[in-house]
Amino acid sequence: MTATHKALSLPGLETAYDALATAIDEVGAGKTELFLVKLALLNANALGDPEQFQQHLQAALKDL
Amino acid sequence: MHQPTTDPRPSIYYSYKVFQPWLPSANPAQQKQPVVIAGSGPAGMVTALELARHGVASVVLTPELQFSQGSRAICFTRRSMEILQQVGVADRMTEGGLPWRFGNSFYRGQRVFRMEAPHDADDRFFPIINVQQQFMEEYLFDACAASPLIDFRWGNKVTQVTQKNGFAEVQVDTPEGEYTLQADWLVAADGGRSPIRTALDLKLEGASYEGFFVIADIKIDLPLPTERLAYFDPEWNPGNTILMHREPHGIWRVDYQLPEGETPEEALQPESMKTRINAQLKMIGHEGTPWQMDWSSVYSARTLTLPDYVHGNVIFTGDAAHLLPIFGVRGANTAFQDAQSLGWHLAFLLKGLAGPKLLANHSTERVGAAREIIDEAGKSTRFMAPPSRGFRLLRDAVLSLSLSQAFVRPLYHWRTSRPHEYAGSMLNSAGDDNALFRAGPAHGAPPQNIRLSADDFLLDHLGGAFDLLYFTEAAAIPEPLQAVVAATRQRGIPLRVVAVGAAHPVTGADLTLADADGHFRHRYGVQASGAGYLLRPDQHVCARWLTLDANRLQAALNTALPQ
């Protein structure tokens, strides 16, 4: 990823990690996908950079 | 022997007239025709009317003895009305039609998107008007019947097409048997299932979507305005979409998507339809309102086109040339644009005013338009009826987000049909000033209408010929320009000159529009006298100049009529 100035600090990453896991547990198996897609759209909009979003897609598609 | 039904079709609101079949025994022997048009839908009849306007005779063949059954196409765009105005039926469309400009999308009982279609004081017609197709066909037929150049033959079914050397030969079956008809050009306007397309073994390119929609017309009194209504994922039809439109004569169109796995036959059972329509009425707060079924059909979205519309001496147009989804009102509205384009391109070729390249240009332009529509309509379709798990998940995420997040709401926009701009057309002038304009319709665009007075608009005066809009305050069109105009007309090319900006009639112009407040010049991006726009016979811009001279006008006309 190129935008290092925007990267999370380790504590910030740990907070996001915990928050995301907790939210996934909260929504339950049936709605997890929907929740994650909503989150992805919100983040894509906040990112405001279609190319970077494409890069994120490619990175997430690796090594599944 | 072709035996079309002579029973009038059933309808609550439209009284079907059954016409007499055209019989070969009652007519003289058939000579070769310049144009035979197979099909009497919107594409077929508008092509015939446009050809007639250019002085070209045609024979229209239709297997039926009456107009098509059911409301079918109901929403007609502003550009369609401008085209229908050209063939003389816009007033009748306006008379009984229901104009509108707002669309609403609902999810979980909330209106999550409201679209407002732009409506300008310079526009004569509303963005969309609702008229049932039988009425539209009746208006077009009356115009065809009034033309001495259109030979309309009811009960005549094309059974065979043969490509000959430089012409087409069709076998036509009638209630008293077959006859043979030869034509320089056969226009296949025979609809989505086009038997001619099948007979010539031509393949459509593109995608077919699996979801089915029931289209039902019901007579019901609902106290709602004429606006588009779309409901997503309602409780009575989870995951699916419902559309509603008001039609004239107390009819409402209800379109609803079928649950996965349900067959069209099951869906069209009266009990099934009754249950679902009642559920929809209940959801919108009108449970128990009495209604009556008029007509129903099943539909699935397809985004397909032939890659070329001209095959030997057969030309495909309208649904025979392409299949488009209903989302965005693209069927008949695209057919009108096809027919308008085909009319002048074919007429000018037949009259020897241009070479075969002109017809090739028609195909290139309209295939380009179909591909643009397919690209846009595909997006609408993937939102209205998601074709895969991924698309469904994304659509559902957008629905859910739209209750609180404004940024996703524009995704509800259904990208209404708009006129294609032939920006890359080979007919556009290369040496003009198109790129230097800061406003006004550009290369390939349809013209911007201009309100001249209360009931008088620019487009009331344009079309059917090349139109030169020349912006001047002088007493006369410059001599050298007049000379080009005269020489062009001498070659048989219809060219009219409209002077814009002078207070008194301008010598050498067929029409002078004063434009006292400069509004017209402003909208066309004209800052000084001597500017001009050249419009093709379908009104699309093919050249524009900040300063026009005789050489540039001649060059543009040469480009627009390739030999």
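Start with helix H2 of chain A and helix H10 of chain B: H2(A) passes H10(B) in a right-handed crossing. The model you have open is a predicted one.

**Stop 1: H2(A) against H10(B)**

On H2(A), pick Glu33(A), Leu34(A), Val37(A), Lys38(A), Leu41(A) and Leu42(A). On H10(B), pick Arg389(B), Leu393(B), Leu394(B), Asp396(B), Ala397(B), Val398(B), Ser400(B) and Leu401(B). Sorted by class, the residues in this contact are nine nonpolar, one polar and four charged.

**Stop 2: the salt bridge between the chains**

Keep Glu33(A) and Arg389(B) on screen and hide the rest. Which residue of chain B forms a salt bridge with Glu33(A)? The partner is Arg389(B), and the closest N and O atoms of the pair are 2.2 Å apart. Side chains of opposite charge can pair when their charged atoms come close. Between chain A and chain B the count is one salt bridge.

**Stop 3: the whole interface**

Zoom out to see both chains. Seven residues of chain A are in contact with 10 residues of chain B. Together the chains bury about 870 Å² between them, and 77% of that area is on carbon and sulfur atoms.

**Stop 4: H2(A) against H3(A)**

Return to chain A and select residues 32-47 for H2 and residues 50-61 for H3. How far apart are the axes of H2(A) and H3(A)? They are 8 Å apart, and the helices pack at an angle of about 140°. H2(A) and H3(A) are therefore oblique to each other. Their crossing is right-handed.

For the side chains here, select Ala40(A), Ala44(A) and Leu47(A) in H2(A), which meet Gln52(A), Phe53(A) and His56(A) in H3(A). This contact has four nonpolar, two polar and no charged residues.

**Stop 5: a salt bridge within chain B**

Over all chains, the count comes to 29 salt bridges. For one of chain B, select Glu227(B) and Arg114(B), whose side chains meet in a salt bridge of 2.9 Å, N to O. Where do these two residues sit in chain B? Glu227(B) is in the loop between strand S12 (205-220) and strand S13 (228-232), while Arg114(B) is in strand S6 (residues 110-116). The pair links distant parts of the chain, 113 residues apart.

Notes. Residues are numbered from 1 along each chain as its sequence is written. Chains are lettered from A and ligands numbered from 1 in the order in which they are written. This is a predicted model: local features need pLDDT of at least 70, side-chain atom pairs count only at pLDDT 80 or more; totals for chains, interfaces and linings use all residues. Side-chain values use heavy atoms; hydrogens and water are left out. Axes are lines fitted to C-alpha atoms, for helices over the stretch in contact, and angles run from 0 to 180 degrees between N-to-C directions. Helices (H or I, at least four residues) and strands (E, at least two) are DSSP runs, numbered from the N terminus. Angles under 35 degrees count as roughly parallel, over 145 as roughly antiparallel, 65 to 115 as roughly perpendicular and the rest as oblique. A crossing is left-handed if the near helix is turned anticlockwise from the far one by less than a right angle, and right-handed if clockwise. Contact means heavy atoms within 4.5 Å. Ala, Val, Leu, Ile, Met, Phe, Trp, Tyr, Cys and Pro count as nonpolar, Asp, Glu, Lys and Arg as charged, and the others, Gly among them, as polar. Buried area is the accessible area (1.4 Å probe) that two parts lose on being put together, summed over both. A salt bridge is a side-chain nitrogen of Lys or Arg within 4 Å of a carboxyl oxygen of Asp or Glu.
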